Amino acid sequence: MSANFVFGRRSTVRASFFLGLLPVVVFAILPAAAVFVVAMTDIRSLPFLPVHWVWFQNYETFFSAAQIGYNLNALKNTFVFAFAVTIVQNILALLIAVLLNQKLRGTTFYRSVVFFPTILGVTVIGLIWTLMFNPTASPGAAIWHLFGSSSAFFGDPNISLYLVIFVQIWAGIGVAVVIYLAGLQAIPNELYEVANIDGASSWQKLRLVTYPLLAPSVTANVLLCIVGSLQSYQLIYVLTGLNNNATQVLSLAIFAQGFGGAGGSSQSQGYAAAISVVQFIMVSVISLIVMAYLRGRERKL
Amino acid sequence: MVTRKLQLSIKSIAGAMLGAVLLAGCSAGNPSATTSGSQAIPKGTLNMLVSSSVGSDAGFKAVNKAFEAKYPGVTVKFSSIPNANYNAVRSSRLTAGGIDVGLADPVQVPSYIPASNEGDDARLADAGGLVDLSKQAFMTNFTPTVLDAIKYKGKQYTVPTGLSYYSGVYYNKEIFQKYGLQIPTTWSEFVTVCKTLQSHGVVPLGISGKDSSGINMLGVVQNLFPTAADKVALAKGLWDKSVKLTDAKPEQVLNQVKQMYDFAEPNFAGVSYATMTSGFVKGQFAMMSDGTWNQTTIQAAGGSALNYGYFPLPSSENPADNAFLGGKVELSLAVPSNSKNEGAALAYLSFFSQPANYKSFLKEAGFAPTEPNIQLSPFYTSIATYTKTFEPAWDTIWIANTKSGAKAQFPFDYNDIAPLGTMTPQQAATASQAAWAAGF
């Protein structure tokens, strides 16, 4: 019986499992659980200061008449951002992956180009696109000028959120493409040969062979995208700043409340933790619903 | 009570400035009492954390270099963090005991405001998180009246590195001369200047919508409520709800801000602070609302070819109201009580305060001096008439209600007016009044 275990004994398996679990508990699960506790205090961002239990007062503040407008605006922007990024990024990534999966000259080079933005840091990406969309002199301004127009780009409240979505997709599409490519390469070639014999068009092959067999990749990509974009704030912060109504998202509100930043009448970190809990519940519910739907779809296929 | 305290502070700082401008020989401080005396020779690492600005960074670096030369046993680890990130970085570094010299600005909350609105720095001082510098010999280097103005509950926790003014407008003298324009002294004159410039195809105003548009609002408030007493009355009126943000005069603030937006360069909403500064230096527009802290950068970028000046934004129709600039005490250095090298930190502050070293800081930083007997730079000499009476800026008096909504934070909602936001001044005033009222 013992021959079934690596190193011969059940205890070694257990020991190595718990050793691996320890950092997860210490660095992920405990801090996550602590947020629920912190959300019931008035803890501030500095040492020395006394901490008091305020129980559910932070949640009351979140839903209070004074804050609800700001928070609903942040929620709306979060949903628009997450929905647009998830849908557009996945459709584009799938099409690019199908394209890069062809036997073309220079495919490796093209794959590298698509993946390249992924390796850049958020600040670098922010800098690149701030320069690209500088309202006074930039490639973006030159293109707008060709059409006899001009724009404040990231400063225009009507388009700034969509520009940020565009940059987020540009920055994140590489990983999605790689996941889809891996999925595509796992699809047996025979299926395409059969489809060819049956006289299927390219569109039919994509819709009826490729897409169904890519279901696990779709699930992984969509979930990663939803969770990532519902929590994303770094790029928005770098591109449009901390206190911009047009691009304020929930994660950015957490940062703004927790650490104040420029000219903010910031609340306590306890309040920021309470927003995190609201966000956690929101992300969990949405992710679980989407996961249940996508898994169900995989099973049907 | 509060008004009286503020008036005292203002008189004090006015005195400080007068001292700086006029006094040549008579000293209010004691510049010779500068060394750390019998204290042990400092050594080890000195961790310094400040918020970044091109001028002050260069100033600190100059002092740090001289400090390390004097005390070879000390290595200064200087970190300058962008303003927006300073609080976050300070929080983690302070928790880890990793700051020996940092920034703090504890402000006492007036009696008409609930203590729950006290800022973090005041709480930090109350909790014993900052070293009391009141009895340090080097504090006597500073003009006592400036020290009075930054006293917190009777104690000195901070070293004032300078004074800045920011209710003014930089203007390009060549453009003004070309079109025969004079410095405007009333709002109507300012509007006429802008219209004249526009009629010649010149953009009147540069604004950084991305980073510093609030400075236009501060400039307008400064002289519509010209004295500190007026500003305190406004703040008090808002807090006791006898004044509404939708009343005629507060709404006038937003109307004038909107007029400034209309005179600004196209698409200014997306322009960064650096782009605005370079636009002014290149002569892309004739004026720019900005603080005196940017003067050394403008000077360095423009060189001798750039002929510019600075005047108070004349937001009032009464020229007498527009006579002075609003300002504040700049970056204030403090020593956290969990500093791991308090000896070196105090030695540093002592060294920094010595007039010779302080002068080398000022030369780069572009602040007005907080020590007596220091020759003003040519720029500060050129604006001396606007600074001979010190007027505190609105944001040094206003304390926001943490229970109110974000739109009532300043509390004039300049950020929602088109094209920065999507509202008219009236809509923004209504929105900020609703957000303000919701906090009670």
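Two strands count as paired if DSSP finds at least two bridges between them; strands (E, at least two residues) and helices (H or I, at least four) are DSSP runs, numbered from the N terminus. This is a predicted model, in which local features need pLDDT of at least 70, side-chain atom pairs count only at pLDDT 80 or more, and totals for chains, interfaces and linings use all residues. Residues are numbered from 1 along each chain as its sequence is written, while chains are lettered from A and ligands numbered from 1 in the order in which they are written.

**Exercise 1.** Work out which strands of chain B stand at the edges of the four-stranded sheet.

*Solution.* Start with the order: the open sheet runs β7-β8-β6-β9 in chain B, with mixed pairing. Next, count partners: β7 (203–206) and β9 (308–312) of chain B each have a single partner strand, so one side of each lacks a neighbour in the sheet. Finally, look at one pair: β6 (residues 168–172) and β9 of chain B run antiparallel, joined by five bridges, and Tyr170(B) stands opposite Tyr310(B).

**Exercise 2.** Describe how helices α11 and α12 of chain B pack.

*Solution.* First, take the geometry: α11(B) and α12(B) (residues 295–302) pack at about 50°, with axes 10 Å apart; axes are lines fitted to C-alpha atoms, for helices over the stretch in contact, and angles run from 0 to 180 degrees between N-to-C directions. That makes α11(B) oblique to α12(B), because angles under 35 degrees count as roughly parallel, over 145 as roughly antiparallel, 65 to 115 as roughly perpendicular and the rest as oblique. Then find the contacts (C-beta atoms, placed from the backbone, within 7 Å): residues including Phe280(B) in α11(B) meet residues including Ile298(B) in α12(B).

Note on methods: Two residues are in contact if their C-beta atoms, placed from the backbone, lie within 7 Å.
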